[in-house]
Amino acid sequence: PVAILAQVYPVFRFPVVSPPMSRYNESWSPMPVAVSEKEILATAERVYGVTWDEIHSYKDKMQIPILPRQMSVENLNVAHFCEDPFSALDRCMEQGIRHENRLSPFARMQVCKPHWVRFQRCLRFRDRSIMGDIQKWENKHVARMSSGAKAEYFENLTRERTYHEYVAARTADEEKRKRHLLDAQHVLLRQQGLMTGSLAGIIE
């Protein structure tokens with residue numbers, strides 16, 4: 001019938017319609033999709049719960065909370081400064097860098113994640129202990145000052161906290177921003193400790 005119609009209506013052309021491709025057709029395979037390194041990294045960060053920049057900033061995170069100017073490290077009663085978790089993480093990261101390859105450039109994020117978790121847990125405990133020692137020392141130190149010197153001491157802390165907040169709001173580096181925000185939080189804790197201690201009734 002198609003041949004007859006083609007002779008009768010020579011101008012008419014029947015469209016050629018291919019049968020629909022079955023999703024179960026074994027001869028069909030999807031075209032490879034190029035995935036950028038940035039997308040792979042974003043997926044890895046989402047899966048492992050830590051960013052590339054964050055896990056590589058572990059050396060900077062060893063920095064202890066800023067001490068008052070007149071306070072020395074000898075005044076701290078901290079048992080350790082997380083040297084062992086740091087060394088374990090550092091060895092893991094160095095090995096990951098040496099064995100990095102094109103097929104798995106972000107493997108160290110997975111391999112070193114347990115060391116990172118232990119290191120972070122140790123830092124939180126260490127910093128809480130240090131802040132407790134700072135508040136005890138600072139309250140005794142400020143208690144010996146005159147009323148005018150106490151108010152000036154507190155005002156200097158306010159300026160220091162404002163500085164860290166100012167820098168944090170204007171830095172493009174995320175890890176540096178976090179560091180300044182943490183320093184600002186530590187100064188605020190010191191001020192709160194003074195307001196309930198040696199500066200109670202003086203500073204409101």
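How many residues apart are R177 and E174 in helix α8, and how much of a helical turn separates them? I looked this up before anything else, keeping in mind that I have a predicted model here. They sit 3 residues apart in helix α8 (residues 174–195), with about one helical turn between them. R177 and E174 form a salt bridge, and their closest N and O atoms are 2.8 Å apart.

Next, helix α7. I found E155 and R159 in this helix (residues 147–170), 4 residues apart, again about one turn. They pair up in a salt bridge, with 4.0 Å between the closest N and O atoms. The cut-off is within 4 Å, so I noted the value with care. E155 comes out partly exposed, with a relative accessible area of 38%, and R159 is partly exposed as well, at 47%.

Then R108. Its salt bridge partner is E100, and I get 2.0 Å for the closest N and O atoms. Is R108 buried or exposed? I have R108 down as buried, at 6% relative accessible area. Buried means under 20%, so R108 qualifies at 6%. E100, on the other hand, is partly exposed, with 42%.

I also came across a network: salt bridges link K61, E175 and K178.

Last, the tally. I count 9 salt bridges in the model by this rule.

How values were computed:
Residues numbered from 1 in each chain as written. Predicted model: local features only at pLDDT ≥ 70, side-chain atom pairs only at ≥ 80, totals over all residues. Heavy atoms only, no water. Salt bridge = Lys/Arg side-chain N within 4 Å of Asp/Glu carboxyl O. Buried < 20%, exposed > 50% of the residue type's maximum accessible area, 1.4 Å probe, protein only. Helix = DSSP H or I, 4+ residues; strand = E, 2+ residues; numbered from the N terminus.
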